[in-house]
Amino acid sequence: MKNNKQKVKKFWNEVSCGEDLLLKKTDKAGYEDQANERYRLEPYIIPFAGFSDFPGKKVLEIGVGLGADHQRFSEANAILSGIDLTERAVMHSRTRLKLFGLNSDINVGDAEKLDFNDNTFDLVYSWGVIHHSPNTQIAVNEILRVLKPNGSARIMIYHKWSVIGFMLWIRYGLFSLRPLMSMTQVYSNYLESPGTKAYSIKEANDLFSNFTNVQISTILTHGDLLTSGAGQRHGGLFLSIARSIWPRVFIRRFLKNSGLFMLIDAKKN
């Protein structure tokens with residue numbers, strides 16, 4: 001398990017999520033451009049995170065990445081803490097907030113072993129992070145532990161039965177003459193960092209079974225629709241051809257519940 005976590009850390013410490021695709025300069029203008037592109041590609045982040053809902057409240061972000069969401073929480077006057085498994089992401093987020101005159105307590109940390117007391121936070125927020133952790137259930141248990149009673153967890157994890165998952169299975173399973181490859185193998189080996197996981201709605205409900213008022217939805221992403229060049233690992237002729245023939249109208253109409261992103265909003269008793 002320790003070696004698996006080191007592999008995950010190495011992957012994301014080489015290039016933080018979106019850095020090579022969205023961040024052109026590490027100055028104020030560069031970070032502004034990155035945020036604008038992030039929210040253009042993924043506008044559903046803003047209503048889901050509810051950045052302006054927590055002024056004066058204690059908020060923890062798990063997996064700060066390049067810091068765009070962290071900046072939004074800080075601008076909304078949350079009492080803010082953030083962790084990331086990688087030094088690179090911590091550096092980016094600290095640099096970003098300093099450039100904008102904002103504050104947060106940002107440190108290297110492990111989602112499976114949060115260095116915070118029980119019942120500390122009003123909100124724990126994490127966008128596309130804990131499915132990379134070797135033991136996601138332990139990370140969810142830690143989120144529950146550090147939340148205050150009646151606190152909220154707003155978490156995005158990957159949805160197993162997604163268009164992206166099917167596309168990866170075609171490329172690395174069917175076209176590679178390995179049609180029996182499972183979706184677990186597809187996500188673990190070919191999506192992002194080694195060991196990446198994705199969950200069915202039932203599996204997500206099981207993960208969050210100790211929470212109350214668990215609300216789960218899935219959303220089609222720019223990746224499912226092939227409307228962007230974003231993707232940490234993928235490119236080449238196959239993807240270029242797929243983009244030109246991709247049946248986006250069909251997907252939006254008949255596969256609207258088959259998006260990669262699973263949005264979970266859950267409460268602590």
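Helices and strands are here DSSP runs, numbered from the N terminus. In this predicted model, strand β4 spans residues 121–127 and contains Asp-122. The relative accessibility of Asp-122 is 18%, and because buried means under 20%, Asp-122 counts as buried. Leaving aside residues up to four places away in sequence, Asp-122 touches Lys-57, Lys-58, Leu-147, Lys-148, Gly-151 and Ser-152.

A second residue with 18% relative accessibility is Ser-258, which likewise counts as buried. Ser-258 is located in the loop between α13 and β7 (261–267). With residues up to four places away in sequence again not counted, the contacts of Ser-258 are His-159, Trp-161, Ser-162, Val-163, Thr-218, Leu-220 and Asp-224. Lys-5 is 253 residues from Ser-258 along the chain, and the C-alpha atoms of these two residues are separated by 29 Å.

Val-163, one of the residues touched by Ser-258, also belongs to the buried set of helix α8. Of the 12 residues of α8 (residues 163–174), 9 are buried, and the helix is therefore largely enclosed by the rest of the structure. Besides Val-163, the buried residues are Ile-164, Gly-165, Met-167, Leu-168, Trp-169, Ile-170, Tyr-172 and Gly-173. They pack against four helices: α9 (183–190), α11 (222–225), α12 (237–245) and α13 (248–254).

Another helix contact involves α3 (residues 28–41) and α5 (residues 68–75), whose axes come within 10 Å and cross at roughly 100 degrees. Angles of 65 to 115 degrees count as roughly perpendicular, and α3 and α5 are therefore described in that way. On the α3 side the contact is made by Gln-34, Ala-35, Arg-38 and Tyr-39, and on the α5 side by Ala-68, Asp-69 and Arg-72. By class, these residues comprise 3 nonpolar, 1 polar and 3 charged.

Phe-51 and Phe-73 form an edge-to-face pair, 4.8 Å centre to centre with 75 degrees between the planes. Phe-51 lies in the loop between α4 (45–49) and β1 (58–62) and Phe-73 in helix α5, so the pair ties together parts that are 22 residues apart in sequence. Phe-51 is buried at 5% relative accessibility, and Phe-73 is buried at 0%. Tyr-172 and Tyr-190 form a stacked pair, 4.1 Å centre to centre with 5 degrees between the planes. This pair links helix α8, through Tyr-172, to helix α9, through Tyr-190, across 18 residues. Tyr-172 is buried at 17% relative accessibility and Tyr-190 at 16%. Finally, Tyr-44, Phe-48, Trp-127, Tyr-158 and Phe-261 form one aromatic cluster.

Definitions and conventions:
Residues numbered from 1 in each chain as written. Predicted model: local features only at pLDDT ≥ 70, side-chain atom pairs only at ≥ 80, totals over all residues. Heavy atoms only, no water. Buried < 20%, exposed > 50% of the residue type's maximum accessible area, 1.4 Å probe, protein only. Helix = DSSP H or I, 4+ residues; strand = E, 2+ residues; numbered from the N terminus. Contact = heavy atoms within 4.5 Å. Axes fitted to C-alpha atoms, helices over the stretch in contact; angles between N-to-C directions. Parallel < 35°, antiparallel > 145°, perpendicular 65-115°, else oblique. Nonpolar A, V, L, I, M, F, W, Y, C, P; charged D, E, K, R; others polar. Phe/Tyr/Trp six-rings, centres within 6.5 Å; stacked < 30°, edge-to-face > 60°.
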